[in-house]
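Subject: Structure handover, aromatic contacts

Hello,

Here is the structure for your files. My notes on its aromatic rings follow below it.

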Amino acid sequence: SEVVITVQGTNDRPQFLAGAVRLGIENLVEDFSGTLVFTDLDLDDDGHVASVAAPTASGRTAGLDLDALAGSLTVTGLSTGENRPGGTVSWRFDAADGAFDYLAAGERVTLAYEVTLDDGNGGTDTTTIFITIVGTNDRPVLVGTGPSTGSVTEDSASDLVGASLETTGAFAFDDADWSDVHTVSRVTPAGGNALGGVLVATVGTAATGAAVGEVTWTYTVSNAATQHLGAGDSVEERFTVRVSDGRGGFVDQVVVVTVHGTNDAPVLTSSSGGFEERADTSLSFEARTVTGEMAFTDVDLSDVGHAAAVTGVSLGGEDDVLALLGADVLRDLLQITSVTKDAGDAGGVVKWSFSAPDALFDYLTSTQSVTLTYTVELDDGDGGVTTSEVVITVQGTNDRPQFLAGAVRLGI
């Protein structure tokens, strides 16, 4: 006879032997692959399916877009078969570019991906793949292109702060490393800066987190240092501002400030001259001539082409006779002979000549004098006009009396 033993099978769930751990470095090693080994004692199970759940994260997570990493770890292959007590699950991790740029140097984030294996008969097992990325330093970058610019204008009321001209500006920067703290580590003036202006810069808005940072700057130059600039003249002062992240990374921004000139009126000095009327001489129409010059300054070194003119005359002293000639005649006695000033020089000269017949002054006694005060106007051609005086003094002398004729008489 027989004894029949019947053993009814049940499903045995698959089991992973281990999970996986990978360590990467931001921007250097961020892609990984591997194989998970599992066992399944049910030899005829051959319909296994592996799936990956959305990750969780730990460590430095501020700045991490976890949703964007949900599909970064994928199952690339599954090996199993009938009459085999197990198999393998192949996987690959490939994150999008820049996914970990927010990490500063030394910061870490760990992603945990749960991989679940289903044998198709109700048996499942789950293991975890851990991906740890260590941050590296990303340099700050400028937002926008070209220099940061500003301008001031000589003597401008809107730019003057005390005895200095001042303007302000700003430029933006960014840093992928969310936790970096930035400072302006140095401001370097260009070697060609001629005015001695100073630029001070500070980080006004931090670039922490997703925010864009901003550096504000203030440029100051002595107004006195700009006086040599004429109307239409301008000078650039250039500076390089360095923004550092405190971890060895930096970015340089060029700041250019244009200093505009305005016209300064020239300053004209006075002059004088004179002579004595010829003694014992009457009704001589010999010209009496005296010459001189008036120095002037114009701080606008580029100004040339100054013009001078005699615009008026006044009398003083014993002037009764000269006053009869009228202002026009008297004004023409003084002539401007030349005006000179070279570009690049602050000084110039106005030369004049006074000439009049000696007979005009015969009326003066030895104790009398007359003064002619001439107003001379100097124009720099850019709207700057100034005036000064030339004073001519004529001292009288004694003129001997003269008979006009003798007399003749005939008597009988």
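A residue is called buried here if its relative accessible area is under 20%. F361 has a relative accessible area of 1%, so F361 is buried. F275, at 12%, is buried because that value is also under the cut-off. Please keep in mind that the model is predicted.

These two residues form a ring pair. The ring centres of F275 and F361 are 5.7 Å apart and the planes meet at 75 degrees; planes over 60 degrees apart count as edge-to-face, so this pair is edge-to-face.

Searching the whole structure gave 7 aromatic pairs. Another of them is F16 with F38: centres 6.3 Å apart, planes at 75 degrees, and therefore edge-to-face. F16 is in strand β1 (residues 15-16) and F38 in strand β3 (residues 31-39), so the pair ties together parts that are 22 residues apart in sequence. F16 and F38 are both buried.

Which arginines lie over the face of F250? One is R139, at 4.9 Å from the ring centre. R242 lies over the face of F250 as well, at 3.8 Å from the ring centre.

Regards

Conventions:
Residues numbered from 1 in each chain as written. Predicted model: local features only at pLDDT ≥ 70, side-chain atom pairs only at ≥ 80, totals over all residues. Heavy atoms only, no water. Phe/Tyr/Trp six-rings, centres within 6.5 Å; stacked < 30°, edge-to-face > 60°. Helix = DSSP H or I, 4+ residues; strand = E, 2+ residues; numbered from the N terminus. Buried < 20%, exposed > 50% of the residue type's maximum accessible area, 1.4 Å probe, protein only. Lys NZ or Arg CZ within 6 Å of the ring centre and 35° of its normal.
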